[in-house]
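I set out here what I looked up in this structure, entry by entry.

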Amino acid sequence: KMDNDLTSLKLQLDTEARARALSAEFDAKQDEIAETRKVESAKLTYAEAFDKYIRSGKMTDEGIELMKAEKRGTGTQIVSNDPLGGYLVAKLWADSIDSTMKAYGGMLDVAYIFNTQTGGDFNVPTEDNRATVGAIISENTADVVSDETFASKTMKAFVYTSKWIKATYEMLNDTNYPLEAYINTRIAERIGRKLNIDFTVGAGTTEPFGVVTSSTLGTTTAGVAAVTRLELLNLIHSVDPAYRKNSKLMMNDTTLLALKKLTVGSADDRPLWTPSVGYLDGKPDRIEGFDIVINQDMASMATGNKFMLFGDFSKYWIRKIWDINIVSTREKYLDSRAMAYFGYARYDGLLINTGAVKHMKNA
């Protein structure tokens, strides 16, 4: 019994000693926490450190460390940083490619276009007997001979190319866009743009004679970069009435803007430009009653420029031997594992009657 009591007392003493030790340890920890909180409360915040720097121009060691820590950041998962989450966000793409546009054309809309099967020289017979007239003859008087005279103009066949467009096998396989359809469209546009340039201002011999090159002078403006309504009327009436009923005005959009700003006169401020009334008459915009053809390959108003045409553009003939053909081949760039595409066509153009189209020229 005494032995059991002794064992019980020893266990009680050990428990009390352990409790006192734990109590002392707890008190010590509480003091440490309180001291840490006191130190933390005395530390600068980022805003306080920056404020002190702005006011004094000096940065303490504590402030420097604080600024470094702020610069490092907290590693928050964000989309704008690829390693911190940006890689997990799928990039979205539009369904189609948006292409920067620039207007071209005009000549293919108004010229007379015809086909020939081969590309040999095409000769067009012409005649100009405007000065030949009949006469009054007296009784029993012999008549005189007045011969008809003829001439000819020759049209060639120039080969046009789009130049090569390459696309690797990988590109064709991996792209999400109809790349071949896109390439075909661009090939056609390349040739179309070149054709319109040559049919407008081509110099001839090694390329078509453009309509501006072949046209004759209608009137010259008094200004080097300006036009008046009277000068416009002079151009219109420089074309013979025989052609005028089918005539149109051709210019670029900048010249059209200048004409839209003109008015009839100080006593009548109606604009020369007549906008289309659409469903009311079904006619396009007009100036002085004539249709307008926008051709961006026409020159703008500047010293000596031929900047406006008026006349019957069906007298400009466009000869087509080959329409645009598009070719694709694997062999040309086989070592690069790329497909090659190009387009070609065969055309010529010529103003058959130079009196049918007149130009306006700046001084």
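For sorting residues by kind, I count Ala, Val, Leu, Ile, Met, Phe, Trp, Tyr, Cys and Pro as nonpolar, Asp, Glu, Lys and Arg as charged, and the others, Gly among them, as polar. I note at the outset that the model is predicted.

I looked up the largest pocket and found a volume of about 430 Å³. Its lining has 18 residues, of which E127, D128, Y243, I352 and N353 are the closest to the centre. The elements β2 (122-126) and α9 (241-244) each give two or more residues to this lining, and β2 supplies the largest share, three residues. By kind, I recorded six nonpolar, six polar and six charged residues in the lining.

**Entry on the core.** I turned next to the largest nonpolar core, which has 41 residues; V211, L249, M250, L259, M308, L309 and Y316 touch the most other members. Strand β13 (residues 306-311) gives the most to this core, with four residues. For V211, leaving aside neighbours within four places in sequence, I listed contacts with M107, F199, T200, L309, F313, Y316, L351 and V357. Another core, of seven residues, lies apart from the largest one and includes I165, L179, I183 and Y341.

**Entry on the rings.** I found eleven aromatic pairs. Because Y112 lies in strand β1 (residues 112-115) and W317 in strand β14 (residues 316-329), the pair ties together parts 205 residues apart in sequence. Y112 is partly exposed, with a relative accessible area of 39%; W317 is also partly exposed, at 22%. Lastly, I noted a cluster in which ring pairs link W164, W322, Y333, F342 and Y344.

Methods:
Residues numbered from 1 in each chain as written. Predicted model: local features only at pLDDT ≥ 70, side-chain atom pairs only at ≥ 80, totals over all residues. Heavy atoms only, no water. Core = buried A, V, L, I, M, F, W, Y, C linked by side-chain atoms within 4.5 Å. Buried < 20%, exposed > 50% of the residue type's maximum accessible area, 1.4 Å probe, protein only. Contact = heavy atoms within 4.5 Å. 1 Å grid on protein atoms, 1.4 Å probe; cavity = no way out; pocket = protein on both sides within 12 Å on 5 of 7 lines; lining within 4 Å. Points joined across faces, edges and corners; volume = space filled by probe spheres on them. Phe/Tyr/Trp six-rings, centres within 6.5 Å; stacked < 30°, edge-to-face > 60°.
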